[in-house]
Amino acid sequence: MEKSQVYKKEYEKLSNIFKDVEDNQRELVQGLIEDAAFLYAANHDLKEIMEDIGMVKVHPTNKSLQKTFESSKQFLKNVNTYSTVIKTLNSILNRNAIEEDDAFDKWIKEKQQVK
């Protein structure tokens, strides 16, 4: 799959997750959604490169000599940044979650109505 298709699919997935969030909060996180989709797509490409060349080049005669490829370094940076962005987006979702009243909440409301 091409990078642009991966981006579009991830962007649509994240946008769909945030479709019920209040408009002002959705506008606030719009850039993070775009960044998350971009990082996801970029890592998709980096994974394809690493499938061909690996993450580390090991010296043929001295196994203790190793060289990390730039693609693997960037992949790890992207994963860390993507993780932070997703955690931030998730915190927005959790703040918007409407919890149903449990038995205690219902009891408190009943007591407040009696007064």
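Predicted model: local features only at pLDDT ≥ 70, side-chain atom pairs only at ≥ 80, totals over all residues.
Arg26 makes a salt bridge with Asp23 here, and the closest N and O atoms are 2.7 Å apart. Side chains of opposite charge can pair when their charged atoms come close. Is Arg26 buried, exposed or partly exposed? With a relative accessible area of 27%, Arg26 is partly exposed.

How many salt bridges does the structure hold? There are two, so let's visit another, since a salt bridge needs a side-chain nitrogen of Lys or Arg within 4 Å of a carboxyl oxygen of Asp or Glu. Select Glu10 and Lys13: these residues form a salt bridge, with 3.1 Å between the closest N and O atoms. Both belong to helix α1, three residues apart, or about one turn of the helix. Glu10 counts as buried, at 3% relative accessibility, whereas Lys13 counts as partly exposed, at 42%.

The structure holds two aromatic pairs. Select Tyr7 and Tyr11, which form a stacked aromatic pair: the centres are 6.0 Å apart and the planes make an angle of 15°. The label "stacked" applies because planes under 30 degrees apart count as stacked. Along helix α1, which covers residues 3–17, Tyr7 and Tyr11 are four residues apart, so they are separated by about one helical turn. Tyr7 counts as partly exposed at 29% relative accessibility, and Tyr11 counts as partly exposed at 25%.

Next, select Tyr40 and Tyr82. Their aromatic pair is tilted, with 6.0 Å from centre to centre and 40° between the planes. Which helices do these residues come from? Tyr40 lies in helix α2 (residues 23–53) and Tyr82 in helix α3, so the pair ties together parts that are 42 residues apart in sequence. Check the surface at Tyr40 too: this residue is partly exposed, with a relative accessible area of 39%.

For the last stop, follow helix α3, which runs over residues 70–96, and pick out Lys73 within it. Lys73 is partly exposed, at a relative accessible area of 41%.

Methods
Residues numbered from 1 in each chain as written. Heavy atoms only, no water. Helix = DSSP H or I, 4+ residues; strand = E, 2+ residues; numbered from the N terminus. Buried < 20%, exposed > 50% of the residue type's maximum accessible area, 1.4 Å probe, protein only. Phe/Tyr/Trp six-rings, centres within 6.5 Å; stacked < 30°, edge-to-face > 60°.
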